[in-house]
Each structure stands twice: as structure tokens, then as C-alpha cells.
Amino acid sequence: MTDDTDAAGPAPFTAADYAARMEAAAQSAAGEGLAGLLIAPGPDLTHLTGYRPTAETERLTLLVLAAGHDPVLVVPALEAPDAAKAPGAGALTLRDWADGKDPYALTAPLLDLRGRFGVSDNTWALHLLGFQRQLPETSYAALTDCLPMLRAVKDARELERLAAAGAAADAAYAQILHLPFAGRRETDVAADLAALLRTHGHSQVDFTVVGSGPNGANPHHEAGERVIRHGDMVVLDFGGLRFGYGSDISRTVHVGEPNAEEQRVHDIVREAQQAAFAAVRPGTACQDVDRAARAVITEFGYGDRFIHRTGHGIGVTTHEPPYMVEGEEQPLVPGMCFSVEPGVYLPGRFGVRIEDIVSVTEDGGRRLNNAPRELAVVE
């Protein structure tokens, strides 16, 4: 599977797009004093080459990038035909290896014998240890540590895909409001959300959180068998991939009319979410987005009930750097995309979360979700 565009969607990425990404990654690695990058199957490989193997395998697949050298993708011989069809294949050299051969010995000549390499976070220990045996003087660093912003800044065509995914999530939310909640299990509503995301063009549904009543006080509650009741607050958090890029939206609804406290907590979270969005601009540190949301919630006395970071990056995966969290001093750059999702969680009672995906523009921020943020009343 590669770039899952279709005739009605954005134009496919080209070999030139992937060549530019690989060259930028190699130069970034050199700038950090690395001999190169070793990229295993996963989101980094998809981003850099468009290649996504159809199944996980213990056979070595590895993209080798180094400044001043042509990119090389090492693949098992039986998977070489599929790799050759990847949209970025024209910008790299394929080198295959057959079962019974040593893939580490085959790949070793591509590497600096004493170099330090950045490796994608999901590289199998089996493979990393294989290189350490073959090249004992090499050393390695996880990409999250050495190049955390590798995929963080999106180009115009990536932003187009993220906006399309966000619009689809908005449409799914608009429709779920007209379906029944009371008397149905959380899993029933979650199934509705998944179906609606697919109806609106998602090729993959990654999560459908439905937290009703006290379950809403658990930010990562998985939809369960609890029957939703009249008077419940219900946290909805759902997303997946459309055109190969992520959506992620949260809204909180109420079954029947809310009481004054429920409305007040929702209003506080909504104000915090707006404050965090208003803080988005180039040069602002990621932690300042978190601080803006947290300041509002703390002012109203719920600071200890906001128990997670304000946001995470999104792209070819629904969670990736940068993170809007205290201690993250990375400045925002135009093209970055991330969630803004403050919440308040009252154990045993209810929770509230409001989330949009936001992109950084030249002079501020742009919401990629535009579904209403008011507390919606459902039946």
C-alpha cells in the first residue's frame, strides 16, 4: 500500500517529492553530526518513499540515507516487485537480497564503519543487533531523540490531505449528533463513528473513543458495554487516515439538557481550547500552547483535573512530534500540524474534552476542524 489517493482526491506525490524529502532528511542528519539514517518500515519510510510493505516481516527492509550518496532501499527479493512500484522508487536504488544470504553483510558497505546513525523508532531489535555484530564500531540514536522534527513541517500538498481528513471527521460528527445515544452501548456509538468516517472517505479508522458518564473521566477510555443514559456527558474522540494523512477530533455532547455545572465545565474547556489556539504562531514554543490552555483551566480551579498534554503532532500517523507539553521548547514553524485538546476529568462523574487539528501559518494558526464546539444536546 502506498499513497491512498483516488481520482477525486489530491494529486499523488511524485518521485521528485520523495527525492526532495530524502535529500532534506539526509542533510538534516549531517547537520546533527550523523553519518546517515536507517529507516525501517513504518511511518518514516512511508513519508520518505511512499513505500508501505503489505505485512510486517522479520526479513530486513531498510532505507539507507547519507548526505552526498544516493538513497538505497534494501529489500527482500520476494518483495522487490512491490517496492519497485512505490511512488518514490524512481528516486532511489533498490538492492534486494535472497533468503539464505546475510542482509547485514549486504548492507554494511553502504554504511560508515565507525559512523553514528539515526534509526527509525520502530526498527526491530533483531536488525539493529545484526548491524552491531557486523559493524561493531557503529553507534545509533533513535530518530525521536536526534531528529524529532523529521516529519513535523508539512508542505502544501500534505496540508491539503490533512484538511481533507479534518473535513471528513467534521462531517462524521455532524451526522452522529442525529443518531440515538440513550439506551445504546458505547460500542454501538463507536461503531457508528467508524462507519461514518469510512463513509466520508477514510481508508483506516484508528480509534473511536466513546466515554459516557463516569467513563468520560478516563481520557483514553475504550468504548465498552456501558449503556448510555439520559443525563450523561459523552466524550467522543475519533480519527484515522484519509488520503494517507490523519484526522483526530474530540467533542463532548450531553444526552438531554445539561445541568449548570456540566455546562460551566464545558465552557471552561472551550475557553481553554480557544486560548491555546490563539497562542499558535511561528516562533512560539510548543510548551506555550500547553501553558495557555492550562492557565485558563487552572484559573477556574480545575488545574489538577487537566491530566494530559495539550496536543500532539499529526501526519502520516495520528500521533507524532511535535508535542504541546511543558518542557518542549521547540518553536512552532509554518507547516507544523498538531492537535489542541485540553480537557477536564472529574473521577466517577464525567469528563470534557474539545479537540481540533491546527496548522501553523505564516502569521498564526488555522483550524483544520470546524465542527461546532458548543455543548451539543443529543437524544
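In what order do the six strands of the open sheet lie? In this predicted model, the order is β4-β3-β2-β1-β5-β6, and the pairing within the sheet is mixed. Strands β4 (93-97) and β6 (139-142) form the edges, each of them pairing on one side only. With direction ignored, neighbouring strands of the sheet are turned by 25° against each other on average.

Within this sheet, strand β2 (residues 62-65) and strand β3 (residues 72-76) run antiparallel and are joined by three bridges. Across this pair, Leu62 stands opposite Val74 in β3. Helix α1 (residues 15-31) lies across β1 (36-39) and β2, and runs at about 65° to β2.

The largest nonpolar core comprises 35 residues, of which Met22, Leu37, Leu63, Leu65 and Leu73 touch the most other members. Two or more residues are given to this core by each of α1, β1, α2 (43-49), β2, β3, α3 (80-84), α6 (143-146) and α7. Helix α1 provides the largest share, five residues. The surroundings of Leu37 illustrate the packing: beyond its neighbours within four places in sequence, Leu37 is in contact with Ala25, Ala29, Leu63, Val64, Leu65, Phe117, Gly118, Leu143 and Leu147. Another core, of 29 residues, lies apart from the largest one and has Ile268, Tyr302, Phe350 and Val352 among its members.

Helix α1 also contains Arg21. Is this residue, Arg21, buried or exposed? Arg21 counts as buried because its relative accessibility is 10%, below the 20% limit for that class. When residues up to four places away in sequence are not counted, Arg21 touches Phe13, His47, Leu48, Asp155, Glu158 and Tyr245. Arg21 and Ala91 are 70 residues apart in sequence, while their C-alpha atoms are 10 Å apart in space.

Helix α8 (residues 186-199) has 14 residues and spans 20 Å from its first C-alpha to its last, close to the 20 Å expected at 1.5 Å a residue. Its buried residues are Glu186, Val189, Ala190, Asp192, Leu193, Leu196 and Leu197. These residues lie on the same side of α8, because they cover an arc of only 155° around the axis. The elements covering them include α7 (156-176), β7 (204-212) and β8 (233-242). Just after α8, Gly201 adopts a positive phi of about 100°.

Helix α10 (residues 286-299) likewise has 14 residues; its reach from first C-alpha to last is 21 Å, close to the 20 Å expected at 1.5 Å a residue. The residues buried in α10 are Cys286, Gln287, Val289, Asp290, Ala292, Ala293, Val296 and Ile297. Among the elements that cover them are α9 (260-278), β12, β13 and β14 (343-346). Helix α10 is followed by Gly301, which has a positive phi near 90°.

Two of the residues buried in α10, Cys286 and Val289, are also among the contacts of Leu332. Leu332 is located in the loop between β12 (320-324) and β13 (337-340). Although it belongs to a loop, Leu332 is buried, with a relative accessible area of 3%. Leaving out residues up to four places away in sequence, Leu332 touches Val280, Arg281, Pro282, Gly283, Thr284, Cys286, Val289, Met324, Phe338 and Val360. By contrast, a distance of 40 Å separates the C-alpha atoms of Leu332 and Gly256, which are 76 residues apart along the chain.

The backbone also shows particular local features. Most residues other than glycine have a negative phi, and most peptide bonds are trans. The peptide bond that joins Pro321 and Pro322 is cis, with an omega of about 5°. Of these two residues, Pro322 is found in strand β12.

How values were computed
Residues are numbered from 1 along each chain as its sequence is written. This is a predicted model: local features need pLDDT of at least 70, side-chain atom pairs count only at pLDDT 80 or more; totals for chains, interfaces and linings use all residues. Side-chain values use heavy atoms; hydrogens and water are left out. Two strands pair if DSSP finds at least two bridges between them. Helices (H or I, at least four residues) and strands (E, at least two) are DSSP runs, numbered from the N terminus. Axes are lines fitted to C-alpha atoms, for helices over the stretch in contact, and angles run from 0 to 180 degrees between N-to-C directions. Contact means heavy atoms within 4.5 Å. The expected span of a helix is 1.5 Å times one less than its number of residues. Buried means under 20% relative accessible area, exposed over 50%, partly exposed in between (1.4 Å probe, protein chains only). The arc is that of the directions from the helix axis to the C-beta atoms. A nonpolar core is a set of buried Ala, Val, Leu, Ile, Met, Phe, Trp, Tyr and Cys residues joined through side-chain atoms within 4.5 Å.
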